[in-house]
Amino acid sequence: PIFPSYVIQEQIKEETPNNKKRLKKSTYELRNFETHLLAIYTIYLIRIKRMVQVIKKSQRSTFYDNMLTSREAKEKICLIGLKCLSQLIITHPHFNFREIIIQLIVPLLTVSKYSAVCDSAFRAVTMVYKQDKLGQVSLLFVKETEKLIKSCGILVNPIALSTFLYLKVDQVVEKAEDRKDMKKIREGWKKMSRKERRKNKEKLKLDAQWLETESKESDKKRAEFNTKILNHVFVTYFRILKRTLFDLTDDSIKKEKFKSLLNPVLEGLAKYASLINAEYFDDLVNVLHKLMSSDLLDINHSLYCNQTVFEILSDEGKILGIDPQRFYTRLYSQLSEIDTSSHEKTIEILLHCLDSMILKQRKQVSFSKVLAFIKRLTVISLAHLEPASLALLLIIFKIIHSFPKSDILLDTDYVGSGFYHQFLDDPEHCNAAASNL
């Protein structure tokens with residue numbers, strides 16, 4: 001390959017021609033090659049920049065004005081430039097000027113009039129997220145995307161927010177995390193002579209310990225990058241939810257724009273809820289509750305809200321002492337409104353939601369709620385097509401297995417006292433124990 005597998009550093013003082021200190025011939029040739037490579041690479045990026053910005057009136061140069069007159073021609077030349085940039089950042093994410101490449105790719109996520117360009121930029125960004133093992137390049141993309149969303153506000157293209165769903169974030173830095181000191185292990189290794197290394201019976205153990213520490217250091221770096229990435233992602237989500245929600249008033253156009261942003265935002269919150277910093281919990285739960293009380297959400301959005309809240313409450317959020325009753329009531333009342341035939345993903349979100357609210361809350365959820373959900377889920381399973389019905393029956397089976405006493409609903413000889421209020425949208429007081437399946 002033309003590009004080296006490292007970042008080319010700037011020329012240091014010892015390497016300048018005027019300096020008396022002479023360089024080795026091989027070093028001089030290498031530095032000469034690197035200098036010329038960067039010069040040509042810079043010219044190349046300037047030309048690519050001209051190509052990708054041809055569709056933007058505010059940023060484009062006059063170079064292509066006489067050559068490209070049609071909208072289709074401008075889109076094609078932009079796509080060629082974008083393809084070049086995408087290949088550069090995907091195959092050589094370590095190389096010089098990657099910040100410039102990122103600054104050219106990310107703004108193309110918002111050119112909704114050119115859907116092909118938008119989709120190509122989306123594929124490039126998500127491909128970087130999927131391949132980035134450490135998270136360093138992903139962090140640069142997330143920061144640039146955050147700036148883009150901040151400047152565009154509610155008018156941002158939802159596809160820009162959807163890129164966050166492809167981030168490889170699986171661990172973050174914990175506050176109380178005990179790790180071995182790598183420096184001490186390395187110093188001890190260096191102090192040993194060759195004879196000591198050969199004769200020392202602990203050599204293999206130390207070697208294994210050194211390798212393990214190297215791996216932990218890599219894990220620590222990845223966790224640090226992931227933590228920074230999530231901070232920027234959540235700040236972006238909150239900016240959209242908290243600031244935009246209360247500025248909508250009665251503007252129908254703004255509401256529609258806001259609704260289009262809700263899906264990637266709420267899906268992202270549900271996906272990364274277990275990794276959210278505890279300081280965001282209280283604010284987030286309150287915002288989600290206000291959202292659910294508004295007329296802005298469809299059934300999928302409400303399910304994402306519930307899933308996010310209970311992912312939080314199943315982890316560190318237990319210390320907040322939040323009463324989840326309102327969220328149980330909300331979901332219970334919406335079960336009969338769910339239409340899985342119109343949205344294929346609805347049943348999948350519902351299953352995740354029930355898992356977070358009931359199965360993961362085994363010690364917190366009341367027995368009367370469990371019976372009410374089993375009864376209503378069984379009833380609505382009769383109204384759905386076969387795939388959705390089987391999925392609902394499977395989650396009912398899991399709930400009964402997790403709460404063995406709930407099998408009283410299968411006993412036709414036992415009926416609890418009182419009456420079952422099937423149309424009451426409160427799982428705590430509908431008295432499902434007075435019925436059977």
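Start at Thr-346. Setting aside neighbours within four places in sequence, Thr-346 is in contact (heavy atoms within 4.5 Å) with Ile-299, Asn-300, Leu-303, Ile-338 and Asp-339. Thr-346 sits in helix H14, residues 344-359. Helices (H or I, at least four residues) and strands (E, at least two) are DSSP runs, numbered from the N terminus. The relative accessible area of Thr-346 is 0%, so Thr-346 is buried. Buried means under 20% relative accessible area, exposed over 50%, and partly exposed in between, with a 1.4 Å probe and protein chains only.

This is a predicted model: local features need pLDDT of at least 70, side-chain atom pairs count only at pLDDT 80 or more, and totals for chains, interfaces and linings use all residues. Residues are numbered from 1 along each chain as its sequence is written, and side-chain values use heavy atoms, with hydrogens and water left out.

Now the whole protein. The secondary structure comes to 16 helices and zero strands. Of the 437 residues, 43% are buried. Take the contacts between residues at least 6 apart in sequence: 73% of them join residues at least 24 apart. The protein exposes about 25,300 Å², an area from the Shrake-Rupley method with a 1.4 Å probe. Carbon and sulfur atoms supply 53% of that area.

H15 covers residues 367-381. Its 15 residues reach 21 Å from first C-alpha to last, close to the 21 Å expected at 1.5 Å a residue. That expected span is 1.5 Å times one less than the number of residues. H15 is mostly covered, with 12 of its 15 residues buried. Among them are Lys-369, Phe-373, Lys-375 and Arg-376.

Turn next to helices H4 (residues 115-131) and H5 (residues 136-152). They pack at about 145°, axes 9 Å apart. Axes are lines fitted to C-alpha atoms, for helices over the stretch in contact, and angles run from 0 to 180 degrees between N-to-C directions. From H4, Val-125, Val-128 and Tyr-129 make the contact; from H5, Val-137, Ser-138, Phe-141, Val-142 and Thr-145 do.

Val-106 lies in the loop between helix H3 (98-105) and H4. Its relative accessibility is 1%, so Val-106 counts as buried. Not counting residues up to four places away in sequence, Val-106 touches Phe-141, Glu-144, Thr-145 and Leu-148.
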